[in-house]
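I opened this structure to note what its core, its sheet and a few side chains look like. The entries follow in the order in which I looked things up.

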Amino acid sequence: QSKAITDTVKSLEAECLRDKKAKRALVVMDYKLKWEERRSRELTTQHYGKRGITWHGCLVIYFDYVDTATGGYADRKHIYMDQIVKQDNKQDVEMVASLLEAFLCQLHIQFSNIKEVILQSDNAACYSSSELLLWIMILNSS
């Protein structure tokens with residue numbers, strides 16, 4: 001997994017240098033521990049399946065081209081977008097698809113030059129489902 005991310009980042013950097021702008025980004029998605037008020041927190045070993053506010057994050061890695069007198073370079077950028085789900089506690093395919101759609105809309109608003117993303121996540125069932133692939137195809141067509 002680490003090698004794949006490294007290779008992808010190198011590819012993004014080479015594309016940025018070649019095209020003198022970023023068109024693609026790597027997005028690493030993951031659920032975080034559920035957040036609870038301090039007075040109701042549990043020990044780490046007791047956190048499995050707990051209630052609380054669902055916290056999902058997307059790390060966006062891309063390159064900006066910086067033009068200099070000597071030619072230019074690709075400046076690596078990391079942007080982290082948090083998503084907080086207050087009412088629903090589920091971490092299923094439908095929730096991931098909804099969070100992904102909201103994330104992509106926000107990404108398009110903030111970074112209109114990014115036209116394509118490469119998604120990377122862990123092997124949790126909500127990310128590795130064939131149903132999520134269908135949702136991604138639907139999102140891609142809209």
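Buried means under 20% relative accessible area, exposed over 50%, and partly exposed in between, with a 1.4 Å probe and protein chains only. Helices (H or I, at least four residues) and strands (E, at least two) are DSSP runs, numbered from the N terminus.

I then picked Leu-107. Not counting residues up to four places away in sequence, Leu-107 touches Val-60, Met-81, Ser-112, Ile-114 and Val-117; contact means heavy atoms within 4.5 Å.

**Source.** I noted that this is a predicted model, in which local features need pLDDT of at least 70 and side-chain atom pairs count only at pLDDT 80 or more, while totals for chains, interfaces and linings use all residues. Residues are numbered from 1 along each chain as its sequence is written, and side-chain values use heavy atoms, with hydrogens and water left out.

**Sheet.** In which order do the four strands of the open sheet lie? I read S3-S2-S1-S4, with mixed pairing. Strands S3 (73-85) and S4 (116-121) are at the edges and have a single partner strand each, so one side of each is left without a neighbour in the sheet. Neighbouring strands are turned by 20° against each other on average, direction ignored. Axes are lines fitted to C-alpha atoms, for helices over the stretch in contact, and angles run from 0 to 180 degrees between N-to-C directions.

I went through the pairings next; two strands pair if DSSP finds at least two bridges between them. S1 (residues 24-31) and S2 (residues 54-66) are antiparallel over six bridges, and Val-28 has Leu-59 in S2 as its bridge partner. Helix H1 (residues 2-19) packs on the sheet and touches S1, S2, S3 and S4, at about 40° to S2. Helix H2 (residues 93-110) lies across S1, S2, S3 and S4, running at about 135° to S3.

S2 and S3 are also antiparallel, over 13 bridges, and Gly-57 stands opposite Asp-82 in S3. The two strands form a hairpin with six residues between them, and Gly-71 in the turn has a positive phi of about 130°.

**Gln-83.** Is Gln-83 buried or exposed? At 12% relative accessibility, Gln-83 counts as buried; its place is in strand S3. A polar atom of the Gln-83 side chain lies 2.8 Å from the backbone oxygen of Leu-99. Beyond four places in sequence, the contacts of Gln-83 include Thr-54, Trp-55, His-56, Ala-102 and Phe-103.

**Aromatic pairs.** I found two. Rings of Phe, Tyr and Trp (its six-membered ring) pair if their centres lie within 6.5 Å; planes under 30 degrees apart count as stacked, over 60 as edge-to-face and the rest as tilted. Tyr-31 and Tyr-127 make a tilted pair, 6.1 Å centre to centre with 40° between the planes. Tyr-31 is in strand S1 and Tyr-127 in the loop between S4 and H3, so the pair ties together parts that are 96 residues apart in sequence. Tyr-31 is buried at 10% relative accessible area, and Tyr-127 is buried at 9%.

Note on methods. Polar contact = N/O pair within 3.5 Å; in protein donor to acceptor, adjacent residues only side chain to side chain.
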